[in-house]
Amino acid sequence: TLFKIMRFFRKLKWLFGTYLMPRHIATVKTENGILSFDNKDRTLGRALNINREFESVMMKRTAALLIDKGFIQQSENNTVMDVGGYIGMSSIGFLNFGLFSKALIFEPNPNSFSLIERNIKQNSFSHRISAFNLALSNENSNLIMELSHKNFGDHRIRQDGEIVKGHYKEEGRKVIDVNSISLDEFIENNSEICVDDVSMVWMDIQGHEGKFLQGAYGFLSKQKIPVVMEFWPYGLLRSGTTKEEFLSIIKKLFTHFYIVDKELPGLKEISQVESLFDESAKTPSGGYNLAFVNKN
């Protein structure tokens, strides 16, 4: 009852003390860390303000599972690669939870990236987190990013070609240009960054995951580390990745996966991703959080 009362007052405070105020950067102390965000973000900003955490239960459960099963090798400089970092809440959370020692964050949106830099500093992680204002894709290029007016974590890389109408009215979104590079080329160009310490990729890039995997094939083939990602067929298809392309790259890189939304996930054969894709593609919001692993 006390929790419900506190949550109710947080909703009121969010609405009248944050969202309806002139545009500004709001800051709250959350379980993940001290986080600043745009007060006009009606989805993730609202959730951080009201819930005072972001995916903390899933983050802890997933990391514990992968460590227990031997898929994450722990070391002194254990590093998480955060692809699509938004404002840094995942990387900062992983470090504050004591699950990783360091983080690499990639975020192409300049406004979100400035918040990442701010959040790194105010959590005193400047010596443990390196951030890059880049999209990780399958090519070194300039890409178009469409901006959601409601959920600032749903800014997306738009596929080339004709703009088709979408369930979320994506065709009407404002767009900006962002820089992209493949992870393999980034590693080749930045030899001073020790990627050998990366023991997990944590990724949420709104459907661009297939393009990332294509551009990270060399690294992931060599390192064989787990990749935890939002699996969202609607977003994957809108990004220009076909079902066949996604299944092909996934089957080349991994042997099994877990559905980490579940409290006690079982290890599934990689071939089962296809039926999961078909099931999830039936609705625009259909999807899961999956941890892809390689048992070989």
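I began with leucine 15, which is found in helix α1 (residues 2-19); helices here are DSSP runs of H or I of at least four residues, strands are E runs of at least two, and both are numbered from the N terminus. I noted that this is a predicted model, in which local features need pLDDT of at least 70 and side-chain atom pairs count only at pLDDT 80 or more, while totals for chains, interfaces and linings use all residues. Residues are numbered from 1 along each chain as its sequence is written, and side-chain values use heavy atoms, with hydrogens and water left out.

I looked up the exposure of leucine 15: the residue is partly exposed, at 33% relative accessible area (buried is under 20%, exposed over 50%, partly exposed in between; 1.4 Å probe, protein chains only).

I then turned to the aromatic rings. Rings of Phe, Tyr and Trp (its six-membered ring) pair if their centres lie within 6.5 Å; planes under 30 degrees apart are stacked, over 60 edge-to-face, and the rest tilted. By this rule I recorded 16 aromatic pairs. Phenylalanine 106 belongs to strand β4 (residues 102-106) and phenylalanine 132 to strand β5 (residues 129-132), so the pair ties together parts 26 residues apart in sequence. Phenylalanine 106 is buried at 1% relative accessibility, and phenylalanine 132 is buried at 17%.

I also found Phe94, Phe100 and Trp202 linked into a cluster by ring pairs.
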